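This report describes a two-chain model, moving from single residues to the contact between chains. Please keep the sequence and the structure in view while reading.

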Amino acid sequence: MSITEKVGAGTADFADQRLGSNKWLGKNLKKVFPDHWSFMLGEIALYSFMVVLITGVFLTLFYKPSLVEVVYEGSYVPLKGVMMTEAYASTLDISFEVRGGLLIRQMHHWSALIFVAAISVHLFRVFFTGAFRKPRELNWVIGVGLLVLALGAGFSGYSLPDDLLSGTGLQIARGIAQSIPIIGTWAAFLLFDGEFPGVDFMSRLYMVHILLIPGLIIGLVTVHLMMVWYQKHTQFPGQGRTNSNVVGYPLLPVYMAKAGGFFFIVFGIITMLSGLVNINPVWIFGPYTPDQVTAGTQPDWYIGWLDGALRVMPNWETVAFGFTLSWNILIPAVIVPGLIFTAMALYPFLESWVSGDKREHHLLDRPRNAPVRTGIGVMSIVFYGLLWIGGGNDLMATTFNLSINAITWFLRITLFLLPPLAFIITKRICLALQRKDRDKLLHGYESGRILRLPHGEFIEVHQPLNNKEKAILMAKLDSEQEPLALPAKTDANGVKNKGYRVESLRARLSHFYFADTIAPPTREEIEAGQAHVAHEAELEAPLHEYEEEAYVQVPFHGGVLHREGAPMTNAEALEDSRRTD
Amino acid sequence: MKALAAHRRHPIMGLVLLLLALGVVGGVYGVATTAPSSADTALVGDQTQIEEGRRLYLEGCSSCHGLNAEGGSAGPTLIGVGAAAVHFQVATGRMPLAAPGAQAPVKDAIYTSEETLQMAAYIASLAPGPAIPTAEQIDYTDADIAEGGVLFRINCAQCHQAAGQGGALTQGKYAPSLMSATPQEIYEAMLTGPQNMPIFADTTLPTPDKQAIIAYVVDLQQAPSPGGLSLGRLGPVVEGLFLWTAVFAALIGAAVWIGMRAR
């Protein structure tokens with residue numbers, strides 16, 4: 001036994017005699033995870049969140065969540081002698097006085113941005129591959145909850161430095177709270193401890209940012225991962241992969257090495273980025289005072305779409321019984337995001353209701369095989385992207401020499417026009433890809449070789465699929481979904497069907513989802529197709545025989561033909577002549 | 001004297017005396033109210049400069065601003081805009097306009113600085129207006145940068161952005177970036193309110209305040225970025241763009257690399 005083995009065995013023994021851990025570890029360290037790069041997107045979120053936590057702890061050592069006014073006496077000359085809050089002054093101190101403070105602050109901010117972005121791309125992967133289907137619906141709901149919490153964590157952090165940007169953001173947040181009918185004013189008072197900007201407000205926000213939201217995130221992330229562990233990871237269809245197995249590498253040593261290595265890569269990228277690229281130069285924006293605002297005031301990227309919704313909304317207000325209903329804020333900032341997040345959380349249940357599919361799914365869908373779902377996803381991304389443009393409309397205007405009014409009107413129209421168009425185009429592309437898959441299953445590849453048969457007929461020679469690709473394409477046969485039939489208005493005895501309305505809605509939705517899919521060929525058809533391919537290969541065989549004869553190489557600039565048994569091939573001869581040159 | 005005495009009782013003399021009195025009063029008032037712009041009077045004095053400026057004006061500007069600078073449908077009147085406005089617009093290449101649009105963009109200046117001064121002298125000769133600031137007026141070396149920063153955020157940042165990178169206004173108009181503006185241009189802009197900018201006259205923003213603002217803008221132009229690449233100092237939008245392009249390319253690239261099957 002080597003020393004490593006001895007130490008390892010000793011440690012495991014020590015733990016096992018006290019905790020009885022060997023049995024559990026022996027089983028779980030061999031747990032298999034499937035391998036695909038897109039399964040690591042969630043890991044980016046996890047690792048960047050760890051960086052946020054570590055750097056955040058460092059920042060709490062120096063940050064003061066206080067709105068008490070002080071005179072700045074630090075080393076940043078352009079602010080020397082300026083009145084500001086302690087919150088802002090301590091942020092400046094972290095940036096300019098604390099050793100390594102600016103690096104840590106920038107790491108905290110960059111990794112927070114990466115955290116939300118990684119959640120988003122992870123969500124895309126889960127959505128487009130249908131990984132949210134039974135039995136993973138609840139984990140999807142937790143994921144949506146984590147996304148909302150991440151937005152809250154980001155926005156509260158953006159507001160803490162009390163610079164001009166964060167103050168302006170808070171003022172908008174207050175406006176949004178006030179726009180809620182009936183309780184708005186009181187909600188705003190509750191949040192801000194009285195009139196804006198309040199006195200105790202910063203310490204409350206600080207508590208939300210460093211205790212409440214991170215606590216909830218850590219809790220939910222734990223449940224999220226435990227559920228992945230328990231339900232096992234989904235996998236893409238492929239050779240040997242079924243709905244009841246997991247093909248991949250064991251946790252120890254392969255996956256642990258990969259995941260551990262990836263953590264260090266993410267950490268390294270964040271650190272390098274924060275050392276090289278400045279983020280949120282609070283010293284430029286200056287301290288917040290309610291009478292000041294700067295052009296180009298924008299939230300961080302993940303709030304940008306909400307800001308965009310506010311910016312493109314027409315200025316509608318209703319005055320009723322002496323109360324003002326601010327539709328201009330209520331719709332874009334409360335109703336629209338409320339509907340979007342609710343729809344997002346409920347989507348797995350909606351889809352399973354529409355499809356009537358109660359089976360467990362451990363094999364992922366290829367996005368093309370769920371055209372309506374893929375279409376909805378692309379449609380949402382287009383909608384989000386347009387609102388994003390709205391959030392940066394002033395920068396769009398100055399960068400591309402456009403009128404900001406023209407951009408606003410462009411968005412007001414395209415927000416209703418482009419997403420449906422994106423849906424239709426995506427669905428068409430998916431269906432076209434399905435047809436292509438069907439053809440491939442039936443006839444194999446088009447080789448591009450035209451063969452003239454002895455009786456004069458021309459055929460294009462097809463080549464059979466390899467087993468790997470065939471397995472991927474065959475997966476559609478099992479995941480095929482038929483639209484539900486329309487319900488009968490009355491049953492056989494003429495009794496009225498009470499649930500008719502709901503059932504017919506469901507049937508129509510199901511039709512919308514599944515009626516257009518290209519039916520895959522049956523197994524018999526595939527076999528017949530493969531026989532056909534084999535027949536074509538047979539027809540081509542004499543050609544190959546000819547090719548495989550002695551005259552294989554074409555002469556190079558008058559070089560010698562290679563014959564079987566000759567000392568050198570043409571390639572060798574060529575190489576030889578080059579060497580002598 | 002005899003001739004004067006002879007015509008003393010002429011009926012037209014009453015009118016002449018009245019005009020003379022009005023001229024004196026108006027002249028004294030005019031000189032008194034534009035007393036600080038001493039450079040103005042110096043320019044007015046140089047007749048050949050004015051003549052040359054008038055020639056250049058008729059050639060390059062009069063098609064829009066009118067033969068007597070009275071203005072028209074294509075351009076505003078220039079009577080009373082002062083030498084500072086002419087110098088600002090022409091020296092930054094904004095005038096003459098290349099094409100009508102929401103706003104005159106900055107271009108390479110068409111006229112030499114001498115020609116610019118000649119045109120400024122001509123316009124200044126039409127009516128009193130803000131003069132080109134003297135070197136003394138734009139000397140910001142003693143100004144307080146921090147004070148300038150406060151004034152900048154109160155008066156300028158809402159259009160020119162906190163870092164002076166410029167911002168959008170309505171209907172395609174914009175507040176330009178201040179990153180290439182010279183102290184003289186900044187002073188002249190505050191004094192004359194070009195394009196869509198309001199006028200910050202000496203009564204609202206005295207010279208020391210203007211100097212402080214200039215000092216702050218110059219500091220913004222020259223100051224290094226302590227945290228690394230500044231990404232244009234345009235705020236979170238550019239940071240987000242950088243994140244979704246460069247940073248995510250690196251992160252997803254790493255994920256693909258790790259996810260690859262070992263060969």
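## Report on the predicted model

Val77(A) is found in the loop between strand S2 (69–71) and strand S3 (83–85) of chain A; helices (H or I, at least four residues) and strands (E, at least two) are DSSP runs, numbered from the N terminus. The model is predicted, so local features need pLDDT of at least 70 and side-chain atom pairs count only at pLDDT 80 or more, while totals for chains, interfaces and linings use all residues. Residues are numbered from 1 along each chain as its sequence is written, and chains are lettered from A and ligands numbered from 1 in the order in which they are written.

With 13 other C-beta atoms within 10 Å, Val77(A) is partly exposed. A residue is buried if 20 or more other C-beta atoms lie within 10 Å of its own, exposed if 12 or fewer, and partly exposed in between, with C-beta atoms placed from the backbone. Val77(A) and Asn466(A) lie 389 residues apart in sequence, and their C-alpha atoms are 69 Å apart in space.

### Backbone features

Most residues other than glycine have a negative phi, and most peptide bonds are trans. The table lists departures from both patterns.

| Site | Feature | Value |
|---|---|---|
| Lys134(A) and Pro135(A) | cis peptide bond | omega about 10 degrees |
| Met95(B) and Pro96(B) | cis peptide bond | omega about -5 degrees |
| Gln195(B) | positive phi | near 50 degrees |
| Arg233(B) | positive phi | near 50 degrees |

Pro135(A) is placed in the loop between H5 and helix H6 (137–159) of chain A. In chain B, Pro96(B) lies in the loop between helix H6 (82–91) and helix H7 (113–126). Gln195(B) belongs to the loop between helix H10 (183–192) and H11 of chain B and is partly exposed, with 17 other C-beta atoms within 10 Å. Arg233(B) sits in the loop between H11 and H12 of chain B; Arg233(B) counts as buried because it has 20 C-beta neighbours inside 10 Å.

### Contact between the chains

Two residues are in contact if their C-beta atoms, placed from the backbone, lie within 7 Å. The contact takes 51 residues from chain B and 53 residues from chain A. On the side of chain B that touches chain A, the largest share, 16 residues, comes from H12(B). By class, that side of chain B has 30 nonpolar, 17 polar and four charged residues; Ala, Val, Leu, Ile, Met, Phe, Trp, Tyr, Cys and Pro count as nonpolar, Asp, Glu, Lys and Arg as charged, and the others, Gly among them, as polar.

How are H5(A) and H12(B) arranged? Their axes come within 11 Å and cross at roughly 85 degrees, the axes being lines fitted to C-alpha atoms, for helices over the stretch in contact, with angles from 0 to 180 degrees between N-to-C directions. H5(A) is therefore roughly perpendicular to H12(B), a term for angles of 65 to 115 degrees. Leu113(A), Ile114(A) and Ala117(A) in H5(A) meet Leu243(B), Trp244(B), Val247(B) and Phe248(B) in H12(B). By class, this helix contact has seven nonpolar, no polar and no charged residues.

Notes
Angles under 35 degrees count as roughly parallel, over 145 as roughly antiparallel, 65 to 115 as roughly perpendicular and the rest as oblique.
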